[in-house]
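Welcome! Let's take a friendly look at one protein chain, going from the overall picture to a few details.

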Amino acid sequence: MKKVISLVLIFFCCTLLGGCNNRLNDGFKSPIHQETNNESNLVDNVINCFDEEDSEGLKKLFCQQTLEKTPDLDKQIESAMEFYEGKSVSHGAVIGNEGVTMDNGQVIRKDYNPQIPDLITDTEKKYYIVISSYVINTKYPEKVGVSKIKILSEDAVVEIGEYIY
């Protein structure tokens, strides 16, 4: 009887572990960990906008709510463009956080808040950039996009937009 129970237990363990392994090898990702194009390109897009002094491109990354509720957004972007000197040469590993809200197995809200540490430009300036954004928000679609960018240097801090809850 002990042998039968042991064999059944071993069979279940092998089946479960083998099944999990197959799903991982097939590239399975739960809805929580699926990345969207906006999310995977956001950091590069923000850096490129600063490198190329592309104020309009940067403005297009902001969500509708920030565009509507920040009357001096253009001025904030221009101040940030003046603050950021040079073109990026390197940066540390992107860190940050993300949060997900689900309803009946569907992602209804996802925020993505990357941080770009140790961004060094060709003028030898060093920055730390923090981005606040929603990737998905089915209840408030006007919040999808960047709501705030904060750029820190050793000397000062410049902010564009306002964090949206």
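Below is a short briefing on this chain, grouped by topic.

This is a predicted model, where local features need pLDDT of at least 70, side-chain atom pairs count only at pLDDT 80 or more, and totals for chains, interfaces and linings use all residues. Residues are numbered from 1 along each chain as its sequence is written, and side-chain values use heavy atoms, with hydrogens and water left out.

**The whole chain**
- The chain has five helices and six strands; helices (H or I, at least four residues) and strands (E, at least two) are DSSP runs, numbered from the N terminus.
- Reading from the N terminus, the order of elements is α-α-α-α-α-β-β-β-β-β-β.
- Of the 165 residues, 33% are buried, where buried means under 20% relative accessible area, exposed over 50%, and partly exposed in between (1.4 Å probe, protein chains only).
- The accessible surface comes to about 10,700 Å², and carbon and sulfur atoms hold 53% of it; such areas come from the Shrake-Rupley method with a 1.4 Å probe, and for residues only the protein chains shown count as cover.

**Strands 5 and 6**
- Strand 5 (residues 145–152) and strand 6 (residues 157–161) run antiparallel and are joined by five bridges; two strands pair if DSSP finds at least two bridges between them.
- A hairpin of four residues leads from strand 5 to strand 6.
- K150 stands opposite E159 in strand 6.

**A look at E124**
- You will find E124 in the loop between strand 3 (106–121) and strand 4 (126–137).
- E124 is exposed, because its relative accessible area is 74%.
- E124 and G86 are 38 residues apart along the chain, and their C-alpha atoms are separated by 8.2 Å.
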